[in-house]
Amino acid sequence: MNVRVATPADFIGMQACNLQNLPENYTMRYYNVHSLTWPSLSYVAEDHKGRIVGYILAKMEEEPEDAPHGHVTSISVLRSYRRLGLAKKLMVQSQTAMAEVYGAHYVSLHVRKSNRAALGLYRDTLGFTVDKIEKEYYADKEDAYSMRLALSPDHPAPLPKKKSS
């Protein structure tokens, strides 16, 4: 398996992977914006024939009041290629680029509360922590865990801001 930076030539394979696995889908323009704006953050995993079998779509958040941080928009690995460590490799590659290229202090993501396999990867394997629960985050009204991971001991992931009542 080869993991490498995604290019525009990969978008159709990335979208096919997404359509096969996830209910949230993206337009080609969306992949293109990510690629043009943050060219070093999205990666693909390809099999020995060069077929896209997994991908990560990531970006930098642009909130001036917050520390620089990355966000995983989407990650998917085809079922027959799961449990090979590809999702972890994709995550680590993207997180490394976030820190080294953009100076990200932490990375955030959302995961369905029902997605136990992904939650295990993020929390147990990669060390993410649940920041908060976002009610009805997904189009089908399922709640999401908002999760964070510090990318450097010098820059811990900040605690969420308390909403004033």
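Student: Which residue lies over the face of tyrosine 138?

Tutor: Bearing in mind throughout that this is a predicted model, arginine 112 is the residue over that face, placed 4.2 Å from the centre of the ring of tyrosine 138.

Student: And how are the rings of tyrosine 137 and tyrosine 138 arranged?

Tutor: Their centres are 4.9 Å apart and their planes stand at 85 degrees, which is over the 60 degrees required, so the pair counts as edge-to-face.

Student: Is tyrosine 137 buried or exposed, or something in between?

Tutor: Tyrosine 137 is partly exposed, with a relative accessible area of 38%, whereas tyrosine 138 has a relative accessible area of 11% and is therefore buried, the limit being under 20%.

Student: How many aromatic pairs are there?

Tutor: The count comes to four aromatic pairs. One of them joins tyrosine 31 and tyrosine 55, whose ring centres are 6.4 Å apart with planes at 75 degrees, so this pair is edge-to-face. Tyrosine 31 belongs to helix H2 (residues 28-37) and tyrosine 55 to strand E3 (residues 52-61), so the pair links distant parts of the chain, 24 residues apart. Both tyrosine 31 and tyrosine 55 are buried, and ring pairs link the two of them with Phe11 into a cluster.

Student: Switching to E3, which strands does E3 pair with?

Tutor: Strand E2 (residues 43-46) pairs with E3 in the antiparallel sense over four bridges, with glutamate 46 standing opposite isoleucine 52. Strand E4 (residues 69-77) also pairs with E3 in the antiparallel sense, over eight bridges, and there serine 74 in E4 is the bridge partner of leucine 57.

Student: What's between E2 and E3?

Tutor: Five residues lie between these strands, which form a hairpin, and glycine 50 in the turn has a positive phi of about 85 degrees.

Student: Why call E3 largely enclosed?

Tutor: Nine of its 10 residues are buried, so E3 is largely enclosed by the rest of the structure.

Student: Which residues touch the most other members of the largest nonpolar core?

Tutor: Met14, Met91, Tyr122 and Phe128 do, within a core of 41 residues. Among the elements that each supply at least two residues to this core are helix H1 (11-21), helix H3 (86-102) and strand E7 (144-150), while E3 gives the most, with seven residues.

Student: What is methionine 14 in contact with, leaving aside neighbours within four places in sequence?

Tutor: Methionine 14 is then in contact with Ala6, Tyr31, Val44, Ile52, Tyr55, Ile56 and Leu57.

Note on methods: Residues numbered from 1 in each chain as written. Predicted model: local features only at pLDDT ≥ 70, side-chain atom pairs only at ≥ 80, totals over all residues. Heavy atoms only, no water. Phe/Tyr/Trp six-rings, centres within 6.5 Å; stacked < 30°, edge-to-face > 60°. Buried < 20%, exposed > 50% of the residue type's maximum accessible area, 1.4 Å probe, protein only. Lys NZ or Arg CZ within 6 Å of the ring centre and 35° of its normal. Pairing = 2+ DSSP bridges. Core = buried A, V, L, I, M, F, W, Y, C linked by side-chain atoms within 4.5 Å. Contact = heavy atoms within 4.5 Å.
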